[in-house]
Every structure is written in structure tokens, then in C-alpha cells.
Amino acid sequence: MRIAVIYGGKSREREVSLKSGKGIAKALIAKGYDVKEIDYNSKEFVHQLEDIDLAYIALHGRYGEDGRIQGLLDILEIPFVGSGVLASALAMDKGKAKRVFDHAGIRVAKDLLLYKKDNLKNQIKMIKDSFEFPLVVKPNQEGSTIGLFIVSNLEQLDEAIENAFVFDDVIMIEEFIAGTEVTIAVLETEKDIQALPIIEIIPNKNTYYDYESKYSQGGSDHIIPARIDINTENLLKKWAITAHQELGCETLSRVDFIIPKDGSLPVILEVNTLPGMTETSLFPDAGRAIGLSYEDLVSLFVEITLIKNKK
Ligand SMILES: Nc1ncnc2c1ncn2[C@@H]1O[C@H](COP(=O)(O)OP(=O)(O)O)[C@@H](O)[C@H]1O
Ligand SMILES: [Mg+2]
């Protein structure tokens, strides 16, 4: 049984991926698995997989989280931890994923998609007609808050749009939801599916959960369980599981929400099919809250995958 831990790659989230991947490899080695670490490079990749029985994809963002590597592994008949091609691709496309959530009755923030080829003047007009400031501008397919801007007036809008288009040909304008950010780890075994204790995220450095808050030491505090009432907790857990299932995710995912401070229902932001897995990441924190160490959690994912692929 040889497990490949695939990390690195060329995506903008390379650094995070290296940290997740090295942590995962170390955990699996500690649990006695034979591990091969692969820094993803498209030219050598297929050859590097020749002696591999199972893959753990620790890539984030494009080419890793968006279904492409998953498709390649399918063709090579190598089972892998986590979601398949469709769920991965769908979760990565924020606009399309939100349509699915909305259809399932989960509250989403109002949004508008802009395409690079369209005229900027018309785009600004559409935004002015249907949104109030502040609003959020983000690439449709990116992660780690890259290319995301919170825009508080018309003057900042052009630049934010232009900037977001650097990262994607499709960008999303979204109403800004002021409130508390929470995230829910979903764990699916062959027997059942559960939402782990909800984590409240308090960014320390900036007002929103940006790249720095996510990845720097002390950048954010994780409060478990989140300080929310039981009704909100139950609703969030139900919605997290629904979101996971509606996208067709497998084994694990992490679902992000904002609980508006005006007391209205929670708003889903996105589902992460390959959430950060450094020792201090959110999913491992949720695992520890139910008594699973980092090593236990990582090897549980592998065991679930092995059982699933025996059938
Ligand atoms: N509509 C919104 N209202 C308020 N804050 C938002 C909104 N969208 C994103 N954010 C902030 O930006 C962060 C990243 O946004 P998200 O949509 O999860 O993209 P990413 O894939 O980059 O993580 C969130 O964790 C949140 O702090
Ligand atoms: Mg996010």
C-alpha cells in the first residue's frame, strides 16, 4: 500500500498546499503508511504515480481542487481521498455552486457575474442599479481570498473589478454581509455523515478573513464551539450537510457561512472540497473538538477511502 501525497503545484495557493501536504505526509508516516511525496509538476506527474495505490491530493485552487487532477486519477484508476470530478469542479465555481445551494433552500448572498469580454461601463451601470455599498468583488474561481476586495464606494469599484479580472475571466459581485464568520467541517464515512462542532472565526489583523488572517501565526482565533444559539447551530449543521450532499462531495468538506449581525438567517459563502490541512487549519481544529488528533483525522480520511474503494 503506497500512498502519494500530492502537494505544491503551480497554483497561487502553492505555499499553503506545501504546508498541508507536508503535514499530511508526516501524519500518514506516523501511522505506518508507505508515503511518497510528490510536488506536482504536470510533466513528470503521470510517471510519478506508477507505483501508487492511493492518492491524497493536498493541492488547493486550480488544477488541484477543481476536478482536473481528480479526472486524471480516475483515468489512471488510482483511488483518491475526497470529492470526485463533478463535485470538485462545481464547488470551485462559486456562481454555479450558489445556484445549487439556492435551489436546495440554503440562503445565498445576492450576486452578479461579470465577464471579462463585456463592456466595463455597462457592468458598472448594472452594479449601480442593483447593489448598495459596501459590496464584495471576487474572482469566480479562486481561493484563499485572493483577488477579493471589499468596495465601499463607486471610486474603488473600477480598480477592484480590474484587479479581480487578473485572476479570472469571470468575477462575482456580491452583497456584503456584515456579521460573524463560521465554518463547519463535514465528515462522511461509509455509515453516516456528520457536521463537526461549528468554528467561529475571529480575524485579528483585518476586518475580514483574508490571506493574512488565514495563514499567518495568530492571524485569526478559532472559537469552538461557536458562540451561537442552538437553533442557528442546528440550521447551520443541516445546511452544511445539505450543501455537501447537493454538490455531491465525498468524505470531507468544509462549508463557510456568515451569520448576519442583523439577526437574519445565515448566508453560505462556499464549500471547500480540499480545505487547508496544516496542523493549525480549521478542519483539524474541528477534528480535535471530537477527540481526533491531526494524525487520527488524516488516517481516518484514508481509511474511509480504502473502504469505499473495496466495493
Ligand atoms: N459577501 C460577503 N460578505 C462579507 N464578507 C465576505 C463576503 N464574501 C467573502 N467575504 C470575506 O472574504 C473571505 C473569502 O471569501 P470566500 O468567498 O470564502 O472566497 P475564498 O475562496 O477566497 O475563500 C470570507 O472568508 C469573508 O471573510
Ligand atoms: Mg472561503
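# Close-up views of a predicted model

**View 1. Helix α4 and what surrounds it.** The buried residues of α4 pack against α3, α5 (94-103), α9 and β13 (267-272). This is a predicted model, where local features need pLDDT of at least 70 and side-chain atom pairs count only at pLDDT 80 or more, while totals for chains, interfaces and linings use all residues. Residues are numbered from 1 along each chain as its sequence is written, while chains are lettered from A and ligands numbered from 1 in the order in which they are written. Helices (H or I, at least four residues) and strands (E, at least two) are DSSP runs, numbered from the N terminus. Here, "buried" is for residues with 20 or more other C-beta atoms within 10 Å of their own, "exposed" for those with 12 or fewer, and "partly exposed" for those in between, with C-beta atoms placed from the backbone. Packing, or contact, is for two residues whose C-beta atoms, placed from the backbone, lie within 7 Å. α4 is mostly covered, with 6 of its 8 residues buried: A87, S88, A89, L90, A91 and M92.

**View 2. The nonpolar cores.** A nonpolar core is a set of buried Ala, Val, Leu, Ile, Met, Phe, Trp, Tyr and Cys residues joined through C-beta atoms within 7 Å. The largest one has 66 residues, and V5, I6, Y56, I57 and I184 touch the most other members. Helix α11 (residues 294-310) gives this core its largest share, 6 residues. At least three residues come from each of domain 1 (2-81) and domain 2 (90-107 + 178-310), with domain bounds taken from an automatic or database domain assignment. Zoom in on I6 and, leaving aside neighbours within four places in sequence, you'll find it in contact with I38, Y40, A55, Y56, I57, A58, L59 and I69. There's also a second, separate core of 13 residues, with L135, V137, I171 and I173 among them.

**View 3. Helix α10 under cover.** In α10 (residues 282-289), the buried residues are L282, F283, P284, A286 and G287. Their cover includes β8 (179-188), β10 (199-203), β11, β12 and α11. After α10 comes G291, with a positive phi near 85°.

**View 4. An open sheet of 4 strands.** The strands run in the order β4-β7-β5-β6, with antiparallel pairing; two strands pair if DSSP finds at least two bridges between them. At the edges sit β4 (111-115) and β6 (149-151), each pairing on one side only. From one strand to the next, the twist averages 25°. β4 and β7 (residues 170-175) share 5 bridges in the antiparallel sense, and L113 stands opposite M172 in β7. Helix α7 (residues 154-165) lies across β4, β5, β6 and β7, at about 160° to β6. Axes are lines fitted to C-alpha atoms, for helices over the stretch in contact, and angles run from 0 to 180 degrees between N-to-C directions.

**View 5. Two cis peptide bonds.** One joins F133 and P134, with omega about -5°; P134 lies in the loop between α6 (120-130) and β5 (135-139). The other runs from I224 to P225, with omega near -10°, and P225 is in the loop between β11 (220-223) and α9 (230-247).

View 6. E77 isn't a glycine, yet its phi is about 60°. Look for E77 in the loop between α3 (68-75) and α4 (85-92); with 7 C-beta neighbours inside 10 Å, E77 counts as exposed. T251, in the loop between α9 and β12 (252-260), has a phi near 65°. T251 is buried, with 22 other C-beta atoms within 10 Å.
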